Amino acid sequence: MSEATISIVVLTYNWASALSLVLESLRRQTRMPDEIIVADDGSNDDTAGLIASQAPEFSIPLRHVWQEDLGFRAARARNRGIVAAKGDYIILIDGDMVLHPHFIADHMRFAQPGFYLQGGRLCVTARETTRLLAGGSAHYHPLVDGDFRRSSGSRRLYALRHPWLAAFKARARRGGRVMSCNMSFWKDDLMAVNGFDERMEGYGSEDLELAARLDNLGRQRRQLKFAALAVHLDHPSRAPADPNDMSMPNNQILAQTRAQGTIRALRGLDTHIEEAADAVIQLDGMRAERYEPLRASVAVG
């Protein structure tokens, strides 16, 4: 897999200080991606200014794909980032995930045709988040100041990078808990299932639904433990009280996908193909003029 080109798509929304830490961790990777695409779900100008200021510090393209803030539309934001990506392999992270220096190298070590990868996250405390945002260095070990009680976070044991244990764990049949904050895929597989289903708006289940369609396609989910470590910064959660509430439209779509064996999203990547064909990444018309000075930093390389 060493010759595969890599695009990393970073989902963000109005937390420029956290995104700055994420971008800094990307600059320190032992294996750099071929491009970084910030998929923006409607942030204010602070995020645009950060990306413009940091773009010259990268030897690879740093791109910004913005959409209007019409509520939580992570599925659409990620789809626009994926369509804009030129890489053979796509790594998805969230804009609050500070990456271990071997994060990308670990993903690529386990990337194989027929599989997609699911990593975890080390949920740190509010105190540790404050320290990191103030300029402190991230820690990746079991003694990190973390909140390991969260069901959506990694266990303390997995806060240790160990390639041999990672290889052993990746052979397990269970693919780990689905979380799009740390996942990777072959772009051809994402195109085959038409990416995220953009009917799913509001918090929750868009990543589970994508994974279900990849499973229906015949792809297998492989878990990354003891590898691809990333610190998840603490912040208030937008998760509903009961994420499995079947009255929620997103969960109804997920149930339908599983019951019917659906492979392609009804509204997905194909809605953005024409947009991505232009010489530069298209920005929503109402913002295009304001973003004109940033064209040099977001131009498709």
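This is a predicted model: local features need pLDDT of at least 70, side-chain atom pairs count only at pLDDT 80 or more; totals for chains, interfaces and linings use all residues.
Trainee: How many residues of strand S4 are buried?

Mentor: Strand S4, which covers residues 89–94, is mostly covered, since six of its six residues are buried. Tyr-89, Ile-91 and Ile-93 point one way from S4, while Ile-90, Leu-92 and Asp-94 point the other way, and all are buried.

Trainee: Which strands pair with S4, and in what sense, parallel or antiparallel?

Mentor: As a general idea, the strands of a sheet pair through backbone hydrogen bonds, either parallel or antiparallel. Here, strand S1 (residues 6–12) pairs with S4 in the parallel sense over six bridges, and Tyr-89 in S4 is the bridge partner of Ile-6. Strand S8 (residues 182–186) runs antiparallel to S4, and five bridges join these two strands, with Tyr-89 standing opposite Trp-186 in S8.

Trainee: What is the order of the strands in the open sheet of three strands?

Mentor: The order is S5-S10-S7, and the pairing in this open sheet is mixed. Strand S5 (97–99) and strand S7 (122–123) stand at the edges with a single partner strand each, so one side of each has no neighbour in the sheet. S7 pairs with strand S10 (residues 230–232) in the parallel sense over two bridges, and the bridge partner of Cys-123 in S10 is His-232.

Trainee: How many aromatic pairs does the structure hold, and how should I read one?

Mentor: A pair of aromatic rings is described by the distance of the centres and the angle of the planes. The structure holds five aromatic pairs, and one of them is the tilted pair of Phe-72 and Tyr-203, at 5.7 Å centre to centre and with 55 degrees between the planes. Phe-72 lies in the loop between strand S3 (62–66) and helix H3 (74–84), and Tyr-203 lies in the loop between helix H7 (187–193) and helix H8 (206–217), so this pair ties together parts that are 131 residues apart in sequence.

Trainee: Why is the pair of Tyr-89 and Trp-186 edge-to-face?

Mentor: Planes over 60 degrees apart count as edge-to-face. The rings of Tyr-89 and Trp-186 have their planes at 75 degrees, with centres 4.8 Å apart, so the pair is edge-to-face. Because Tyr-89 lies in strand S4 and Trp-186 in strand S8, the pair ties together parts that are 97 residues apart in sequence. Both Tyr-89 and Trp-186 are buried.

Notes. Residues are numbered from 1 along each chain as its sequence is written. Side-chain values use heavy atoms; hydrogens and water are left out. Buried means under 20% relative accessible area, exposed over 50%, partly exposed in between (1.4 Å probe, protein chains only). Helices (H or I, at least four residues) and strands (E, at least two) are DSSP runs, numbered from the N terminus. Two strands pair if DSSP finds at least two bridges between them. Rings of Phe, Tyr and Trp (its six-membered ring) pair if their centres lie within 6.5 Å; planes under 30 degrees apart count as stacked, over 60 as edge-to-face and the rest as tilted.
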